[in-house]
Amino acid sequence: QVQLVESGGGLVQPGGSLRLSCAASGSIFSSNTMAWYRQAPGKQRELVARISTGGFTNYADSVKGRFTISRDNAKSTVYLQMNNLKLEDTAIYYCNAVPSPWGIRPLGAWGQGTQVTVSS
């Protein structure tokens, strides 16, 4: 059974940085593009970054230039380095696999997510 376990969230001031991690078990990681999503209070979940098995990345416009997604295939872990955080980045962050580098539909069950709060 596939498990996705997110960690690394916390409380940070505007302009600060956090690094999120997502450990994946099962076969979902090795053969799929991985993605980070986020869901802010009262809003729909949105996809913010993707990384293919070969390392191709793409980002939502709202995080481009500030967030960097990476993956360690040996550890079945995907990361999200978040710099210059803004108040509007406050959300619960989730990871999941998607069907392609341009896919949106999540392939696995959702993990518990990790809370990121940006506040002064």
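1. A quick word on terms before the notes: strands here are DSSP runs of E, at least two residues long, numbered from the N terminus. Keep in mind that this is a predicted model. With that numbering, Gly113 falls in the loop between strand 9 and strand 10.

2. Let's stay with Gly113 for a moment. Is it buried or exposed? Buried means under 20% relative accessible area, and Gly113 comes in at 11%, so it counts as buried. Its contacts, once residues up to four places away in sequence are set aside, are Glu6, Ile92, Tyr93 and Tyr94.

3. Strand 9 is antiparallel to strand 10, with three bridges between them, and Tyr93 faces Thr114 of strand 10. Strand 9 also pairs with strand 4, again antiparallel, through seven bridges; Gln39 has Ile92 as its bridge partner there. As for cover, seven of the eight residues in strand 9 are buried.

4. Strand 3 (residues 18-25) runs antiparallel to strand 8, joined by six bridges, with Arg19 opposite Gln81. Strand 7 (residues 67-72) is likewise antiparallel to strand 8 and joined by six bridges; here Ser70 is opposite Tyr79.

5. Have a look at the turn between strands 7 and 8, too. The two strands make a hairpin with four residues between them, and Ser76 in that turn has a positive phi of about 50 degrees.

6. Which residues have the most contacts inside the largest nonpolar core? They are Trp36, Ile69, Val78, Leu80, Met82 and Tyr93, in a core of 29 residues. At least two core residues come from each of strand 3, strand 4 (33-39), strand 5, strand 7, strand 8, strand 9 (91-98) and strand 10 (114-118). As background, nonpolar side chains in soluble globular proteins tend to be buried together.

7. Met82 is a handy way into that core. Not counting residues up to four places away in sequence, Met82 touches Gly16, Ser17, Leu18, Leu20, Arg66, Phe67, Tyr93 and Val116. Tyr93 is another of the core residues with the most contacts.

8. Last stop: Thr90, in the loop between strand 8 and strand 9. Where does the side chain of Thr90 reach? It gets to the backbone oxygen of Leu87, at 3.0 Å. A polar atom of the Thr90 side chain also lies 2.9 Å from the backbone nitrogen of Val118. Beyond its neighbours within four places in sequence, Thr90 is in contact with Ala40, Pro41, Gln115, Val116, Thr117 and Val118.

Conventions. Residues are numbered from 1 along each chain as its sequence is written. This is a predicted model: local features need pLDDT of at least 70, side-chain atom pairs count only at pLDDT 80 or more; totals for chains, interfaces and linings use all residues. Side-chain values use heavy atoms; hydrogens and water are left out. Two strands pair if DSSP finds at least two bridges between them. A nonpolar core is a set of buried Ala, Val, Leu, Ile, Met, Phe, Trp, Tyr and Cys residues joined through side-chain atoms within 4.5 Å. Buried means under 20% relative accessible area, exposed over 50%, partly exposed in between (1.4 Å probe, protein chains only). Contact means heavy atoms within 4.5 Å. A polar contact is a pair of N or O atoms within 3.5 Å; within protein, one must be able to donate a hydrogen and the other to accept it, and residues adjacent in sequence count only if both atoms are side-chain atoms.
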